[in-house]
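Please look through the sequence and the model shown here. The paragraphs below then lead through selected parts of the fold.

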Amino acid sequence: MLQQAPVIVSSQSPFAAAVFTTRHPALIDRLTDAWPYTPQQHQALAELAQENVDGVMQPLPEGAVGADRWKRWGEGYYGRPWVEAPFLWAEAFFYRRLLEAVDYYTPGPWRGVDLFAPFKQAELAGEVVGAEIAALAALAGRAEQERGQALLLGSLWGNRADLALQITAGRGGQASGLVADDSTVLWDLLHARPGGAVALVADNAGSETVADLALVDHLLTTGLAGEVALHVKPTPYYVSDATLTDVADCLRTLLASKGEGRAVGERLRTAAKSGRWLVRTDDFWCSPFDFTAMPAELRNELAAATVVVFKGDLNYRRLVGDRRWEPTTSFAAATAYLPGRVASLRALKSDVIVGMEPGEVRALEATDEAWRTSGSHGLVQVR
Ligand SMILES: O=P(O)(O)OC[C@@]1(O)O[C@H](CO)[C@@H](O)[C@@H]1O
């Protein structure tokens, strides 16, 4: 039985603390530049920024959607600085408070408006996505195995396109190495059970989702999967996290392109029509808990898949637990509570890491690189 490491509380992690004191206020500035907010919305956003920097955490107002639930979940945290709550919990609550500040659930013109849409749209229209789609043509002629691996790595490195990270860190340097690579295990298990259901728990919209869609198409056209469920967030979250609208925007971008990009889009549209590709969502994806708290229904749905592929850093933190693990802790042990086979494709963007070789940890620690948090390193881990 694995001994659980301590949960990360932001005040104990310079990286996590900066998310509240720097990243969140910068994000709020970007939002107020992007939208014609009302005086009340400006005030709510300014208060939220100030609370994050040097104030204390306030609960949702009475009567807000989910207020009772959040009051219960946050007992002991309200009235104290944000950085004194668990990092994972407080970040999720920040995004819920952000929706409240911009009237996401309030009847009126702002209801249901994706506050992050301007940033997501700019990314989708940018040159990274254009180059990504153009690269699909070159891959089309390659052998199946080589194409699959390139699409898998494309989906992994697509995870660097995280708009939350870019708000304070810029686009980041070159992608460097993988700190763990179980991709052969992943392909072997797909080849051992072809035609089954695969679940892909998505992360960011835009270029990451375009890469994910290309991978989904590959799994379906090769018959390695008979069905692929793409799980997305039910509401705007962590700036660039994909919702159904974002998936549809990516699909339209593919369909509006030429050659192989368009062909991928057309095959996916057909797969959606026949039920072989489906988009799913669940409120749990925006909850402040790790996956040990996953509701039974969702857990059973995922357990029926040949493999569940979790994309990105936040899903990784929730999968292994947002804890101060020794990096050499076994990935299999940390995820043993979840039934079925699981995989993670992630660019490293937070303190949490497990499943590494001791020598590799020593080598990376000897550099002065922020290898755990900069997004320059990646991993493919499978259990
Ligand atoms: O899940 P993603 O998009 O890969 O990353 C989310 C992220 O940017 O948000 C957190 C900090 O705000 C970090 O865990 C991580 O860097």
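Is F289 buried, partly exposed or exposed? This is a predicted model, and in it F289 has a relative accessible area of 26%. Because buried requires a value under 20% and exposed a value over 50%, F289 counts as partly exposed. The residue sits in the loop between strand 4 and helix 13 (296-303). Apart from its neighbours within four places in sequence, F289 is in contact with W73, L88, W89, F284 and R318. A further reference point is V65: F289 and V65 are separated by 224 residues in sequence, and their C-alpha atoms are 18 Å apart in space.

Strand 4, at one end of that loop, belongs to the sheet. Seven strands make up this open sheet, in the order 1-7-6-5-2-3-4, and their pairing is mixed.

For L200, the bridge partner in strand 3 is L230. Of the eight residues of strand 3, six are buried, so this strand is largely enclosed by the rest of the structure. In a regular strand, side chains alternate between the two faces of the sheet.

Helix 9 (residues 183-192) has both buried and exposed positions. Its residues S183, L186, W187, L189 and L190 are buried. Viewed down the helix axis, the buried residues of helix 9 fall within an arc of 165 degrees, so they line one face of the helix. T184 and A192, on the other side of helix 9, are exposed.

Helix 6 (residues 127-140) packs against helix 12 (residues 259-273) at an angle of about 90 degrees, and their axes are 6 Å apart. That angle makes helix 6 roughly perpendicular to helix 12. Helix 6 contributes I133, L136, A137 and A140 to the contact, while helix 12 contributes E260, G261 and V264. By residue class, the contact of helix 6 with helix 12 consists of five nonpolar residues, one polar and one charged.

Note on methods
Residues numbered from 1 in each chain as written. Predicted model: local features only at pLDDT ≥ 70, side-chain atom pairs only at ≥ 80, totals over all residues. Heavy atoms only, no water. Buried < 20%, exposed > 50% of the residue type's maximum accessible area, 1.4 Å probe, protein only. Helix = DSSP H or I, 4+ residues; strand = E, 2+ residues; numbered from the N terminus. Arc of directions from axis to C-beta. Pairing = 2+ DSSP bridges. Axes fitted to C-alpha atoms, helices over the stretch in contact; angles between N-to-C directions. Parallel < 35°, antiparallel > 145°, perpendicular 65-115°, else oblique. Contact = heavy atoms within 4.5 Å. Nonpolar A, V, L, I, M, F, W, Y, C, P; charged D, E, K, R; others polar.
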